[in-house]
Structures are given as C-alpha cells and as structure tokens.
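Student: Can you walk me through this one? I'd like to go through the sheets, then the contact between the chains.

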Number of protein chains: 2
Amino acid sequence: MALIVQKFGGSSVADTARVQNVARIITDTYKQGNDVVVVLSAQGDTTDDLIAKAKEINPKASKREMDMLLSTGEQISVSLCAMAIEAMGYQAVSLTGWQAGMLTDSNYSAARIKRVRAERIQKELDKKKIVLVTGFQGINKYDDITTLGRGGSDTSAVALAAALHADLCQIYTDVDGVYTADPRHVTGAKKLDEITFDEMLELASLGAQVLHNRSVEMAKRYNVNMEVLSSLSGNPGTKVKEVVKTMEKTHVSGVAKDKNVARIALVGLADQPGIAFKIFSLLAKEKVNVDIILQSIGREESKDISFTVSQDDMEKAKQVMEANQDVIGFKSLEVTDQVAKISIVGAGMANNSGVACKMFEALFSASINIHMISTSEIKVSVLVDERDAERAVQAIHDRFFSEFASN
Amino acid sequence: MALIVQKFGGSSVADTARVQNVARIITDTYKQGNDVVVVLSAQGDTTDDLIAKAKEINPKASKREMDMLLSTGEQISVSLCAMAIEAMGYQAVSLTGWQAGMLTDSNYSAARIKRVRAERIQKELDKKKIVLVTGFQGINKYDDITTLGRGGSDTSAVALAAALHADLCQIYTDVDGVYTADPRHVTGAKKLDEITFDEMLELASLGAQVLHNRSVEMAKRYNVNMEVLSSLSGNPGTKVKEVVKTMEKTHVSGVAKDKNVARIALVGLADQPGIAFKIFSLLAKEKVNVDIILQSIGREESKDISFTVSQDDMEKAKQVMEANQDVIGFKSLEVTDQVAKISIVGAGMANNSGVACKMFEALFSASINIHMISTSEIKVSVLVDERDAERAVQAIHDRFFSEFASN
C-alpha cells in the first residue's frame, strides 16, 4: 500500500466524459489498495473565461479580487470529480485550498506555498476517503484566497506530496511523458522512461513545457518522486527523480527549442574593464533576466557584447541600453527577435566533450549558422536564426537519437 | 451616517451591465456617508447551470459536494462586483461565507445560520471599505461549506444586518416592492409603502414570493428593518417592519394566490373520536405538512375529512392514506390537484369580521365556488377550483382595493 498524489490538468477534466475518465483512473489506483490524494485544475477554458469576464468589468482589477474569482474554477472541478467518484461507489471528499491547509505568502496571482497544514487531508485519508484538492490556490495569513499563477497546480501537487510524504506524485497531462524532442514537430522523438530533476528543469526552462518549473524545483528540494503520464492513453509515463538508473549510459536526454528569445548586441565598446559589469547591473536593476552572454575578443581597442533576453523583456532592455549609451559607451545597438535557442540536455554531459561537438557537427551538416553558444553542466545551447529552428532540432535529434546514431 | 446591508438577487447581477448598475447603487449609498455591506446571489442562471452539470455526472450527488459546487456561483458574483466598484474608484473587498464568519449547522443544501462572527467584516468597514459577502452560504463546524437552500441570500442579508446592528436591510429584486396582489396578473394592484413582518410572512407563505420566508422570520426575531425595492427602477420600495404607521386604517394589505395545492378527501369515516388524530399523526410521521383541514358535520353516523397539502406531497399523502385504510376506516379517497388557495392578508383583521364577509361576497358575485375556508389572526384563505383562481384574485382585489371600494 502506498500514498499516491495524482494531478490532472484542465484538459483532462474539460467535460463530463473526461471527469468520469479521471474518476476511473483515481478509483483504479484506490482499488489497488493505495491512499489517493488528487489535485485538479479548472475545467478546460474556465480560467480564461473568468479572466475575460473580469476584463470586461475592470481591466485593472486588483489581484486580490482576481484570485477570489479564479479560485472558483478548481472548486468546480474537485466537487464534480468527487460526485463522479461517488457515482462509482467510492467515498470522496473535495477540499479547497484553505480547507486543505495550503498556506501561501500574500503575493496575489503569483503566491508561493509556505507550508502545508495537512491535518484535514490526513483525517480524511484515515477515514479511507479519496481526497480531492483544488490546485493552483491557497490562503494567506489574512485568510484571503491566493493563487499560485499559471501552472501552479503542478506545484500544489508536489507540495502536497512532500507534506504527506507520498510515495509518488503523478502528473497527468495530455502527453505520454517526456520526449527526447517535441513529438509534434520532430520525427523519431522517443519517450524517456526516466529523467533527473536537473534535466527536467533544463528542459522545462527551455520550452519543453511538460512540467511547471517551480514544481520540479520543489520536487528536487523535497525529493518527491514524480511521474509524467497521459490521462488518456493509460501508458506508463516518464519518471522524474534524483538519480536515474540509466544515467551512466545516456548522455543526452532531450532536444528543446525556445523561440521566446531576443538578441541584443552592443557594438564598438571600449576594450577596458568594468564594461560588462555596467551593462548587466543596469539590466538587473530593471529586473531584466539575461540568458546567454557572448563577448567578442577585443580587437583594435574595441569589442562587442551580445546577450539574449526573453522577447517580453526585449523592449525594456533596448530602452535601458539606449538611455545609458553615454555611460556604457557603445557605438551601435542591434536588436532582433528573429532567433531561437536550441538546447540539448543530459546529465553527465560535462564529462563528455564529444557531446557538444556532435551537436555542432549536426548543425554544420544541415548548413545552419550558430550565433551564440552557451554550456552548463548538463546542457549545451546554441542560438540560431528563427527560420532554421525546426530544422536544427530535427538535425540534432537525428544525430543523437536515430537508430543508427552512436549515442 | 448609517450602516446599510444591501442584497441583490441573481437577476440584478446577471451580466456586466447589471453588475455595473448594482455597483452604482452601492457606491451611491456609500457616497452619502453610509457604511455598506452587500450580499449577492449567483449571476442569472449560474446555479441552475451548475446543478445541470452535477446531474449529468451524478444524479444522486452527495449534498456536501453539491454545496461545495454551488457556493462558487456567489463567489464569482462578489469578486466581479468588487472589481466593478474598484473601477469606479472606491475600495471594496469580497468575502466568502467562511471569510465573513457565517456559521451554520451541517444540514447541507438547507443549512441554518447559527451565528455570525462579524469581526472580519467589521475590520474591513473600519478601513472604510465596501464589503461584499457571498449570499446563500456558510461554513459548518467541520470547516465544510454549506448552502442555505434556495432564496437563502435574503436570509444571509438579514443575519448580517442583525449581527452588525445595521440600520436597514435593503432587499433589491426585480419588482418595485410588495403589492396588494401580483401586478403581472391583477389589474389595479398597488404597491404598499409599508407592511408588518407578520403580514409579509403570510404573503410569502401564500405564494407572493417577494421575500424568502426564513429571512422575514429572522428579521422579525431580531427586529431588523427591511425594505424591498427594485435594482432597476430607483423608486422607493416597501418597508417591512414590526409596526407600521398606517396599521389602524388598513385591514387588508394584499391578496395572494397559491396554486401549489392539492386536496385530499376521506369520505365515509365513522363518526367517532380519534379519527382525526390517527390521520394526522400518520401524515406527520411521514413529514407531510397539512395546511387547511375541513371536517364535515357527522350525519347518519358517517363523516368526511378533507385537507390540503402541497402538490409535492400529494402522492405521498395518498399512499399513506391508502396503506392505512383499515386503521382509519374510510370508504373512499378523493385526490385532486385542480385547486388553488386564495388568501387575503392584513394585520388587525381579527378585529373586523366584515373582512371575511366581504371576501366571500366578492367570490359569490363572480360565481366562484368555495371548497374550504381557513382563517387566522391576519389571514383568510379559501380553496377554489384552479380554473377560477385568476378571476377570484381579481374579484377580491377589486372589492378591497378599487378606488370606490370601502376598504
């Protein structure tokens, strides 16, 4: 007998048939002798519909009231799902964020979970009930409802799994698991049986978008075993854990693409110390997150510095640079969002320099130009023209994952 | 400066324009220097839509989960209305039943308010905020969400007004106030400026359906001054209070019609003591509420007893009688739902026997047959054929309220 936390996303509970499907998965798990705690998102487009309603009334509504409004979506999901479970002859009880003891800070619309007071859930489990908890929401010290921001239901599930010392936290989505590349775009993409937290973190931040990053960070911190799987296929998914069995063998677990990238290049900087510090402290002050940084080697007493930011921050970064042209002392500024970041992720990569080399070779064979390169312990990223992005992913994936590739 | 509780029903907040209209009424009241606490129902058909969703999943869903589901409707209303008030430049805060301290018993779907812990509301009023509270719901001792049953928002408003010692509890609906008869069906129906709690109670129970009866009972118990008025017209409404100024003058304040009536007649009973006791104790055991009772005078050692019940209870009452034919000892049973109850209501009626007489005269003039008669301190009811109901109301109303009538 184990304690299993199961999380189902909005598309998994979008209508009556899907709610009943989810109820079947839950009761099947329960029938096998497990204690089951379920976390649900709002049905289908409910959250978007509520946001639209609010915008019509007040485009600048306070976040406190937005959270009050949006938290109803998950409450509808859990009560309906509890009814579906009751209809199958099992005992269920649905709980809101405050009933389940999800204590958060007061950062409305993007709150962080501070603590889970799991007494109520434990009491219901002791009564042999299936417990359903609203994802995405909690309560702050003023007894006001907060939401965790988009994708927060994954975090709710992991937080509950950690607080309850669950044996497994299953995240059900509309995909079968974590793939070596986006299976909708890349031929030959393969499902991974296992992946480490660190690899998953890199993949999520690189745009694979299977799991919410905060949830993986929390799972890593509290060592919660996760599994990503489909609520529709019934197939085994991908296990996410601290150390995976196959780690020695595999060097690369996936290829990811991120189109939400802009590159800013400062041309003609004086080749003297302190320039980089000036640039990035100005950006930090404006809360612009910088990703890849490239500095050219100084030539003729002049050098260039380029860096990437998310496209949302592009305009702000441009303005900050322009406003400080005198202080920084560059000749010209080049800004483009016609770029994409392609990355390979794999634990143990740092011990195998051949991996990066193989990636560059694949891009060269496909005649794709590399603008920037960045490496970390478990990741190699390159910046390419946006129009080359799909081809780049396919070429790299073929090189690492095709049957004849020597991975 | 006064403290005013305002309650708006579901049709008053059905869409964005109406929410904004309600927000204007609220802020107008606030601008005049009043503290304002607002109670809202769910928007338009929200509650019915949620019930339909639940029925699709589980026609026999537990009441605990139904309450969890339905309580979201009011939460959506209060947060949207708070946003509308914010958009007008005022500070508002929305509170759910549990946040507002509405403590109820655990009778899910028909809970009764046990106590209001108004500290949170008082704190927000002290901050000069407009406070919006979800109607229709509360929380029980297990920290579970309960609902008060249909029309419970009126009760929420009165309970809050009582707990906060409010100066006035305004119930906004889609009618202008309380009329001498249903203005949609009766020509010449007039709006009353004032009415007593007792009269209002009789009118509500007789099918006038302007106010939820529980709310009037509670208002009477805690002596909360109520006013019924329209959220659309802006006209003054009808005040409901313990003693009205005009009481000495008026004998009849309204004519009401109730079609949800069935008559059951037991024919050929033995004329001996204890029969009535047997019949009505059997019905009481099955929780059938009996309204009017008529017993014929015994003739030839046999008598008849007829009584009325609501149409919902008709089948059950019939079954109970049939199952106990031996014990009760009647010859035949007559059951019909083709009847209606017409009543006149007025404080001080008991001191004026002419009132009942005038009512019978009006029915006689209109050639309408009376099946049963029942009288109380402030009410005279008659049972007539359902097909005569509309004409009966009009005839009685004309007799009492037409300009030439000597009321």
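Student: How do β1 and β9 of chain A pair, parallel or antiparallel?

Tutor: Parallel: strand β1 (residues 3-8) and strand β9 (residues 168-173) of chain A are joined by five bridges. One position to look at is A:K7, which stands opposite A:I171 in β9(A). Keep in mind that this is a predicted model.

Student: What does β9(A) do with β11(A)?

Tutor: β9(A) runs parallel to strand β11 (residues 226-230) of chain A, with five bridges between them. There, A:T173 has A:S230 in β11(A) as its bridge partner.

Student: And β11(A) with β12(A), how many bridges?

Tutor: Three, and the pairing is antiparallel; β12 of chain A covers residues 238-241. A:M226 stands opposite A:V240 in β12(A).

Student: What holds strands together in general, by the way?

Tutor: Backbone hydrogen bonds between paired strands, in either the parallel or the antiparallel arrangement.

Student: OK, what is the strand order of the whole eight-stranded sheet?

Tutor: In chain A the order is β3-β6-β2-β1-β9-β11-β12-β10, an open sheet with mixed pairing. The edges are β3 (92-95) and β10 (194-196) of chain A; each has a single partner strand, so one side of each has no neighbour in the sheet. On average, neighbouring strands of this sheet are turned by 20 degrees against each other, direction ignored.

Student: Which strands make up the four-stranded sheet?

Tutor: β13-β18-β20-β19 of chain A, in that order, as an open sheet with antiparallel pairing. β13 (254-258) and β19 (372-376) of chain A are its edge strands, and each pairs with a single strand, so one side of each is left without a neighbour in the sheet. From one strand to the next the twist averages 20 degrees.

Student: How many bridges are there between β19(A) and β20(A)?

Tutor: Five, antiparallel, with β20 of chain A spanning residues 379-385. A:S376 has A:K379 in β20(A) as its bridge partner.

Student: Which helix touches β18, β19 and β20 of chain A?

Tutor: Helix α11 (residues 354-365) of chain A packs on the sheet there, and its direction makes about 20 degrees with that of β20(A). Helix α12 (residues 389-401) of chain A lies across β13, β18 and β20 of chain A, at about 15 degrees to β18(A).

Student: Changing topic. Where are the domain bounds in chain A?

Tutor: Domain 1 is 3-174 and domain 2 is 262-336. The centres of these two domains of chain A, taken over C-alpha atoms, are 43 Å apart.

Student: Now the two chains. What rotation puts chain A on chain B?

Tutor: A rotation of 179 degrees, with 0.0 Å of shift along the axis, superposes chain A on chain B at an RMSD of 0.3 Å. That is the relation of a two-fold axis.

Student: Which C-alpha of chain A is nearest the axis?

Tutor: That of A:T72, 2.5 Å from the axis. Both copies use the same surface, and 100% of the contact residues of chain A recur in chain B.

Student: How many residues does each chain put into the contact?

Tutor: Chain A gives 25 residues and chain B gives 25 residues. On the chain A side, α1 (16-31), α2 (46-57) and α3 (63-87) each supply at least two residues.

Student: Which element gives the largest share on that side?

Tutor: α3(A), with 13 residues of the side of chain A that touches chain B. By type, the residues of that side are twelve nonpolar, eight polar and five charged.

Terms used:
Residues are numbered from 1 along each chain as its sequence is written. Chains are lettered from A and ligands numbered from 1 in the order in which they are written. This is a predicted model: local features need pLDDT of at least 70, side-chain atom pairs count only at pLDDT 80 or more; totals for chains, interfaces and linings use all residues. Two residues are in contact if their C-beta atoms, placed from the backbone, lie within 7 Å. Ala, Val, Leu, Ile, Met, Phe, Trp, Tyr, Cys and Pro count as nonpolar, Asp, Glu, Lys and Arg as charged, and the others, Gly among them, as polar. Domain bounds come from an automatic or database domain assignment. Two strands pair if DSSP finds at least two bridges between them. Axes are lines fitted to C-alpha atoms, for helices over the stretch in contact, and angles run from 0 to 180 degrees between N-to-C directions. Copies are superposed by least squares on the C-alpha atoms of residues with pLDDT of at least 70 in both.
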